[in-house]
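Here is a friendly walk through one protein chain and how its parts pack together. Have a look at the fold first, and then read on.

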Amino acid sequence: MSTHILQKSLVAVFFCLFAWGCQENPKDKEKVVKRERAVDLLKEEEKIVWMATTGMIADALENLGEKFSRVHTMMGPGIDPHLYKPTPADLSRLEEAHFFCHNGMNLEGKLGKILEDSWGYRRTYAIIAGLNYNDLIPASDFEGSHDPHIWFDLRLWSKAVDSLSQVLGNLYPRLYNEIQGNSQRYRSKLEVEHEWAVRLLGEIPKEKRVLVTAHDAFRYFGRAYDVEVKALQGISTVSEYGIRDVSDLVNFLVDNKIPAIFPETSISDKALKAVVEGCRKKGWEVKLGNTLYGDALGEKDSPEGTLIGAFRHNVISIYEALSGETYQEEQT
Ligand SMILES: [Zn+2]
């Protein structure tokens, strides 16, 4: 079968499954088997191709597969995963990939489930599956589900990365030790950043330690770093906010004299500007803080293109806006 025909048939399967209308096609199973053989037969000099939905997952995969893998990222800077629809270019890159990792718990809507059904469970993995249920925060918007925004609690992310490294190690036995070594190095860096954030954010007076953002992506962050969190929109951006949500938030900010609120790179800041204006009318000047990285990382070639870089940007921005102090780099 030519690549073109193969791609066209994958596109058909993909969009058909998106509409929830198709039963599993035995031919798709055949493709999965062929792909598994292709991995076994990889030559030493070739790189294994992995694919991630978000920049955060790509960051984990890049660290785990450092020298032997190439990682495609589906959703780049500024992309909202809750609303993302795959493109034909994604499908071509999927055809090249041997392993696909998504977040799970509806962060990317039905995308992960669709791929698991069309691609097979062995090649598709939800990083959140590596955590225990009691590590997760129940989702207020979706009954019976959990909040998917796990990455900015760096210790929790580290746990998820550990499980991911086991999955990959089992998938590529000859690379098992290398993957585990890479995992340990990455996880120690996460631990250093975690401890730094606990120290820095702990310096903000408790009554000012309130993080208000465009959507509810920081609840794990809040739990890990003892910061109260509040948002205009729920944990998914699929449901719209209303005038009532804006006025409730304005009242909260005015009553509690919160000095700043924070836009996010993957969401328009229009609504938060309306909140600032609402506070002004009530005689309270709330500052629009630096734009935070919520559901997407920064540009690939910038420090914020890594999870740690984006995390540092967020922590320093929150510290400076809420404490009124200028961050001084710690002396080591
Ligand atoms: Zn989100």
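Predicted model: local features only at pLDDT ≥ 70, side-chain atom pairs only at ≥ 80, totals over all residues.

Residues are numbered from 1 along each chain as its sequence is written.

For the chain as a whole, 40% of the 332 residues count as buried. The secondary structure comes to 11 helices and eight strands; these are DSSP runs numbered from the N terminus, with helices being H or I of at least four residues and strands E of at least two. Of the contacts between residues at least 6 apart in sequence, 65% join residues at least 24 apart, a contact meaning that the C-beta atoms, placed from the backbone, lie within 7 Å.

**Strands**

Strands pair if DSSP finds at least two bridges between them. An open sheet of four strands has the order β2-β1-β3-β4, with parallel pairing. Its edge strands, each pairing on one side only, are β2 and β4 (124–126). On average, neighbouring strands of the sheet are turned by 25° against each other, direction ignored.

Elsewhere, β5, helix α8 (residues 219–225) and β6 form a right-handed β-α-β unit; right-handed says that, with the strands pointing away from the viewer, the path from the first strand over the helix to the second runs clockwise.

| Strand pair | Bridges | Sense |
|---|---|---|
| β1 and β2 | five | parallel |
| β5 (residues 210–215) and β6 (residues 228–233) | five | parallel |

A52 has T73 of β2 as its bridge partner, and H215 has Q233 of β6.

A126 is found in strand β4. This alanine counts as buried because it has 22 C-beta neighbours inside 10 Å. Leaving aside neighbours within four places in sequence, A126 is in contact with H102, N103, G104 and G112. The C-alpha atoms of A126 and I57 are separated by 9.9 Å, although the two are 69 residues apart along the chain.

**Helices α6 and α7**

The axes of α6 (residues 154–171) and α7 (residues 176–202) come within 10 Å and cross at roughly 175°. That makes α6 roughly antiparallel to α7, a term for angles over 145 degrees. Residues making this contact include W157, V161 and L168 of α6 and I179, Y186 and L190 of α7. By class, the contact has eight nonpolar, six polar and five charged residues.

R155 lies in α6 and counts as partly exposed, with 16 C-beta neighbours inside 10 Å. Not counting residues up to four places away in sequence, R155 touches H194 and A224. The C-alpha atoms of R155 and L190, 35 residues apart along the chain, are separated by 7.1 Å.

Conventions
Buried ≥ 20, exposed ≤ 12 C-beta atoms within 10 Å, placed from the backbone. Contact = placed C-beta atoms within 7 Å. Axes fitted to C-alpha atoms, helices over the stretch in contact; angles between N-to-C directions. Parallel < 35°, antiparallel > 145°, perpendicular 65-115°, else oblique. Nonpolar A, V, L, I, M, F, W, Y, C, P; charged D, E, K, R; others polar.
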